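Here's a quick walk through a predicted model. Have the sequence and the 3D view open as you read.

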Amino acid sequence: MLFFLAASVFSTLSALRAFGPLRAVAALGAFRRFLAARVRRRDVLRDLLAGAVARRRVERIDTLLSLHGPQAFALAVSALPPRVAADALSVLPEPRRQAVLTRLPGRVRAQLPFGKSREHLAPPARGSLQGLLLPLAS
């Protein structure tokens, strides 16, 4: 890819010298399309998100979610290591975190501490004897 980058810069400079600014603008546009075809939005968002988590930029993480939406944010989070993903999601407000968690793949959600079911944390139903009974020793 570095070869293509150098070749594109060289062709842009030589086009500027030989054909003037209009040809150089066309070559620069072709170079931008070339880069855009090889860089995925998810990868860029993943890198921005990892950087924001590393720098503890809470407002930046929330801004990235607002700009890209929960679906793209969930794809980027799923490409992160589980600990970094948990850090990124832990700073979000609960409704926004749930919006992202519902869009995460099950394998990623299972690795996160708040992605698991919380039924075991729920209090016993009213009128139930479950909280009064002691476990039997085996």
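## A bent helix

Start with α4, where a kink of about 115° lies at G69, shortly before the proline P70.

G69, the residue at the kink, is one of the buried residues of α4. Others on that buried list include I61, L64, L65, F73 and V77.

## What the core is made of

The largest nonpolar core has 24 residues. Those with the most contacts inside it are L49, I61, F73, V77, L89, L104 and L112. Two or more residues each come from α3 (41-54), α4 (58-78), α5 (82-90) and α6, and α4 gives the largest share, eight residues. As a general rule, nonpolar side chains in soluble globular proteins tend to be buried together.

Take V77 as a closer look: leaving aside neighbours within four places in sequence, V77 is in contact with L49, A85, L89 and L104.

Now hop over to R96, which sits in helix α6 (residues 94-101). Is R96 buried, exposed or partly exposed? R96 counts as partly exposed because its relative accessibility is 28%, between the 20% and 50% cut-offs.

Not counting residues up to four places away in sequence, R96 touches D62, L65 and S66. With D62 there's a polar contact, side chain to side chain, at 2.9 Å. And back to that proline: the C-alpha atoms of R96 and P70 are separated by 8.0 Å, though the two residues are 26 residues apart along the chain.

Note on methods
Residues numbered from 1 in each chain as written. Predicted model: local features only at pLDDT ≥ 70, side-chain atom pairs only at ≥ 80, totals over all residues. Heavy atoms only, no water. Helix = DSSP H or I, 4+ residues; strand = E, 2+ residues; numbered from the N terminus. Buried < 20%, exposed > 50% of the residue type's maximum accessible area, 1.4 Å probe, protein only. Contact = heavy atoms within 4.5 Å. Polar contact = N/O pair within 3.5 Å; in protein donor to acceptor, adjacent residues only side chain to side chain. Core = buried A, V, L, I, M, F, W, Y, C linked by side-chain atoms within 4.5 Å. Bend = angle between axes of the 7 residues up to and from the residue.
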